[in-house]
Each structure stands twice: as C-alpha cells, then as structure tokens.
Amino acid sequence: MAELPILQFEEKIIETVERNSVVVIIGETGSGKSTQLSQILHRRGYTNSGVVGVTQPRRVAAVSVARRVSQELNVRLGEEVGYAIRFEDRTSERTRIKYLTDGVLLRESLSNPELDQYSVIILDEAHERSLNTDILLGLMKRLVKRRASNLKVLITSATLDGDKVSQFFSNCPVLNVPGKLYPVEILYSNERPKSYLESSLKTALDIHIKEPKGDVLIFMTGQDDIEKLVSKLEDRVRSLEEGSVLDAIILPLHGSLQPEMQVRVFSPPPPNCRRFIVATNIAETSLTVDGVVYVIDSGYVKQRQYNPSTGMYSLEVVQISKVQANQRAGRAGRTRPGKCYRLYPSVAYHEELLDATIPEIQRSSLAGSVLYLKSLDLPDIDILTFDFLDSPSSESLQDALKQLYLIDAIDENGLITRVGKTMAELPLEPSLSRTLMEANECGCLSQALTVAAMLSAETTLLPGRSKSTEKKRKHDHLDLPDGSGWGDHIQLLQIYECWHQTHYDIDWCKDRGLQVRGMTFVKDVRKQLCQIMQKIAKGSLDVQTSRRGKQTQQDYNNLRKALCVGYANQLAERMVFHNGYRTLGFKPQVVQVHPSSVLKPDDEGKFPNYVVYQELIATSRPYLRTVCAVNVAWVTPILNKVNKLNINKLSGGSGHIEEHAEGNISDLPKKDAVTAVPDDQESKIQAARERFLARKGKK
Ligand code: CDP
Ligand code: MG
C-alpha cells in the first residue's frame, strides 16, 4: 500500500496546496490519485472545515473508488466516506470524503452556487474531458476567485496537457508525480486483422501457452463483444490439456456490469492462475486492475457522436488516439516489465491515430448544458462567452438554443423562462423535464413520471432490445403490453402499470424477460422524481402524482400531448409516397422507425402521420428509436414556431428574421441516401477502415 507513488509526494502536495488555490496534479494511472489524494487531505485537516469532494466522469468509478477508500479507512460506506451518483445518494451528515459524478456536482451548484460545504474540490480524471468536467473547469475558475480564502481546487489527470490547464487557471502550479512504470515492449501486427475479435482470441491464447505468469488485459469496444470473447476464451482455455498450462479465470469489465461482478476484478486471483480481463476503455484510466503484465489493444473504441445539423446520434467504432494507445500500453507495466500487443501495424499508430481524443463537448448535444448555464443566472456567466478549455462549435450551440426555444425553456431573445428555470431543477434531459411539466398541466403527471423513470434506467429493461438475436427470439412472443397502437412510451407506461398491479412481483418481471434490477431501479427513480416534483412545486406547481386506477384512452392522449410538447424538437412526419418519415426542424432526412419499436403500421400498412422520437440514431441506417404517435393539432403550433425562429436573436444578436432558419422543410432528398450495412461490430470496423482508406486515397 505504502508503495503508491503519490504517497511519497505527500509533503510536496500539501505544501503546494497550502500556497495555491488551484493545483494540477499529473500522475500515471494507478499512482493513487483517486484513492489517496482525498485521504492525504483528510489526514492533513482539510476535512475539518468542509467536505473533500472528488468528481468522477463515470458512475462505476465513483462507486468503486468510494468503496475502496472506505475499506482503507475502515469505515462503513456512506458514513465518513460516501458517494453520490444520479438517483443514488450514499452520503450522510458524517460524510467527510465524498465521491460524486461531475454531473451531480453541477446539480449541487444549482442550489448552492458557492458550493460552500466543500473545503476541497478535486476534479479527477480530467483527461477524460467529459462534457460535465469541462463545464466544471469553467465554473471553478470563477469560484476560486470568490472563495479564495477557503476553497482549494485540485485537477488531476493521467495524461492531460498540464500546461494548457495551468494557463487556463492563470498559470497555477503543475505537480508531476512520476509513476513507477516498468518498460513495456510494444509488439505490432503486420496488418490489421480481418476480425479483431478472432485476433484478440488468438493473441490471448498464444500468451497463455507461451508466456510466463501475469494477467492479460484485453480492450474491446463494447459489452456485446466482451461477452462473445469471454465465452470463446472459456471454451478454448477449457479445451487445452489440463496441467500443461496455468489455470485461467476470465472476467468481463464494463460499465453496466453488476456491482458484485465488478468487485471480482479487484480481488487477487488464486495462486498459479492467470486472469484474463476483457474490458471496455473503462480500464484505460478509470479503474486500475493490479497484476496485469500483458495488454491486447485492438486500437478501437466505441464513441457516441452527435451531429448538430441533423440531430442524429451515432455510436461509432472509431480508432483510439495515440494518448489512449499509450495509456493502454502503460497498463502492462505497473508491477513489472510487460508487453503490449497492438493489433495494428506501427505505421497505423504513427500515421492514422489522432494525437489526442476529441473532447466530449465537441461531439455531444449541448441542450442540457446550455440550459444549465443559463439557469445559473450569474451575471458573469454566459453561454456564448463562457470560458471553455476547448470551445464547442457555434453550430452545436445554436442547435441547443433552438431546441430550448422550441420547448419554451428560453424566449425568443435567448433569455431563460420560468419554465426553463424549473426544468433545470430536474435531473433529466431537457425534453423529459419539459414533458413532466406539461404533464402536470394536463393532469397526467403520474403517467409521465413513470415514463421518465423507465427512460432513465441505466440498463436495457426490455427483452429483445439487445443485439443478441437469440435472446430476442426467446422472448418474442412474451406477453407484454403493446402500447395500444400509440408507440413505445405508452408501452413503457403499460408495462410499469402491469407490474404495479402485481404488487411489484419479481417473478412477473422474470417471466417476461424484464431486467429485475432495472425495474427495481425504475421504481426507486420514479419515487425520487416524484419527490423532486413535489419539492419544486412548493407553491408554484400543483403536483398531481397520485396514481389512479386503470389507464384510459384519455390518459394516453394527455401523455402523448405532453410528450409532443417536450419533444417539440424531435418531430417526424410520415412521407406520403415513401415507407418512411422525414425529420422536421432539423435538416430534413428520411428515416425509418426502428424495428424494435412496438409502433407498427395499421391494417392499410400505414404508420401514424406524426411521431415524436426519443432518439435519432444511425446504426446501419438512420432510425427513430422509441417513438410515440402524436396528433397533427399539436404539431401545427410547433411548426409555426420553427418557421418563425430567428437564430441570431436567440444567440443574443440582433440580426434579421430568417424565414426558414433550418432550410426549406420540403426540400427533401429524392432518394434514401443511406446504404444498408450489416449491423454488426466487425463490419463497422471494416467500414471505418474503408472510410479511412478512401480518405487516404484522395490525398
Ligand atoms: O487514480 P489513479 O489511477 O492514480 O489510482 P487509484 O485509482 O487511486 O488506484 C491506486 C491503487 O488502488 C491501484 O493499485 C488500484 O488497483 C487500487 N484500487 C483497488 O484495488 N480497488 C479500487 N476500487 C480502486 C483502486
Ligand atoms: Mg483515478
């Protein structure tokens, strides 16, 4: 324990923190930043005057690190050491060290802009450059000036460009904690493999047969591939002759793993046993697994990308950056010299990989963040002049402003409205917050709370939504409600209602292939949202959250109307001569309803004329996911608003009125511009590769 590099720098760290309000600390992954810094500050008295708060971009990291620190300090989790993530607060009056997601800290600063319960705020994992951490960086800059006498801000990172952050904070000191990294031999493949799954499998087996003891960490792009590789590895390892090789344990590691499964990777293996840890990029820097000597790096990562001009999300498999590749390799050299097998040629590393990962702020929808900053209502904080470490594009800022305007969160001059202020208090994306408020007006808040909670589940609830087709077939005929022809939101409501009628019977969920843990979480979230609405309501809202008997058509209509108001920016109109929809409000595109939707064509083969959608996502082609049929009468006022929209005014400028801010809605592509690509990981990687080669060819 005492070996962790950061502990040897305790004096230096404390000395620097004493003299400066902001300190940047750079240290190798595993050097003890996340688990030890808070304890050092605690030992040195910083928890006497307030709480030491440590932010994490990932929920699992917040939970896992808090658990570890409570063990090290030998206290019960939730007492002196606790954590808070969205919808789960495990802290108490006694909490002195608090791990929390960056999103939760942002939310706390809404009700308490000075964050005065904290004596120290550590923005951990800043190199991840999550959207929320980037916004916190800007806010901290302001806060340290206001609380110069009693707040310390530490920014820690494994790889971040320290000078850039230091300059951002008026040249604050940067402490480098040299890690005790052993040399790592890098082995490149001669060429890109046809299948990186097969190639990982083969490399892992080679290591197991030929290399001496030491655990193997394999980076995959997502849960599906992890599960596939784990099962293949298990088969192959079992078929090796007993006694000829070490025993093996194969462990998955990703964000949606059950907590009991997660802790398994932190417990030491039995003697004479090699562990294979098959992980997402969560193991790159957020979680350190001890004992790793061999790393297998596919060179890919799954990244969510948002296109502000089309409103489309894509979950793309993209090449990692050089920084990420080096991080991955570094995992092999923590305890002794190691090896990193890169499943790509060295020329790819040097010529194809970007130097650094693109920060999330440049590839996300900003509606939530813009609403947040506007609702802070601080005279010195404005979204358009906000001090970002890296600025978002003006296109994505305008997209956010437009969305907020269409759902009444800001007025035509870009100023936050009363509705917008209330929305910002809800821990939900703006469209869902707006839906709840509208639902309260039209007497269906109880139903809308259920839908909001169902949509906030962190895991997939429904069977057959995961990619594994086997599961889908098994559950296809299961007896679940069908949304009464109105679509997925209504189905979500109906499922929860049925469950409620069984008095939340666990077997009822199991029999229908519903995730029990997910459903229990939904029940808890619903209760919390209900309490938040009631708290917000004090005086201003008359909240009707009590559940009545069976749902009626009237209830469904009210809920659909509320959804239409909340999702005003996500509207689509059925195309008359086309088996598809076109999106309204964004650059017009032709899209289809995702096959997993319960919304099906009627007897004449027609879909409803208008739908709102939860998400527009490009997998093999652009799909509307989670859709709800809405009435034309509710759509018309929205379209009028779209047509009147003046983006210059919204951005605080004075410009002229633009007739169609978003281009002519009827100006549609003549043909589907989408080509169908088989919907699996390998082909996506193949496609990414071809795109790259095509680009390269053009040079
Ligand atoms: O934050 P940083 O990457 O610098 O290191 P850390 O997360 O504080 O990890 C320091 C040590 O604690 C590593 O050896 C981890 O393996 C160990 N650790 C653990 O055993 N269990 C956890 N939940 C977290 C950390
Ligand atoms: Mg860390």
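Analyst: Domain 1 (5-177) and domain 2 (184-360) each contribute residues to the lining of the second largest pocket, so this pocket lies between them; the domain bounds come from an automatic or database domain assignment. The model is predicted: local features need pLDDT of at least 70 and side-chain atom pairs count only at pLDDT 80 or more, while totals for chains, interfaces and linings use all residues. Residues are numbered from 1 along each chain as its sequence is written, chains are lettered from A and ligands numbered from 1 in the order in which they are written, and side-chain values use heavy atoms, with hydrogens and water left out.

User: How is a pocket defined, and how much space lies in the second largest pocket?

Analyst: On a 1 Å grid over the protein atoms alone, a pocket is an open set of points where a 1.4 Å probe fits, with protein on both sides within 12 Å along at least five of seven lines; lining residues have an atom within 4 Å of a point. Grid points are joined across faces, edges and corners, and the volume is the space filled by probe spheres set on the points. Here that space is about 1100 Å³. The lining comprises 42 residues, with L4, R68, T288, D290 and R334 nearest the centre. Helix 2 (33-43), helix 3 (59-72) and helix 9 (259-264) are the elements giving two or more residues to it, and helix 3 gives the most, with six. Helices (H or I, at least four residues) and strands (E, at least two) are DSSP runs, numbered from the N terminus.

User: What is the make-up of this lining by class?

Analyst: Ala, Val, Leu, Ile, Met, Phe, Trp, Tyr, Cys and Pro count as nonpolar, Asp, Glu, Lys and Arg as charged, and the others, Gly among them, as polar. On that basis the lining has 12 nonpolar, 18 polar and 12 charged residues.

User: Why is helix 13 described as largely enclosed?

Analyst: Nine of the 10 residues of helix 13 (residues 367-376) are buried, so the rest of the structure largely encloses this helix. Among those buried are Y372, L373 and K374. The cover over them includes helix 4 (102-111), helix 5 (131-146), helix 14 (394-406), helix 15 (418-424) and helix 16 (430-441). D377 follows helix 13 and has a positive phi, near 55 degrees.

User: Where does L115 lie, and is L115 buried or exposed?

Analyst: L115 lies in the loop between helix 4 and strand 6 (118-123). L115 is buried, with a relative accessible area of 2%, and its phi is near 45 degrees, a positive value in a residue other than glycine.

Terms used:
Buried means under 20% relative accessible area, exposed over 50%, partly exposed in between (1.4 Å probe, protein chains only). Contact means heavy atoms within 4.5 Å.
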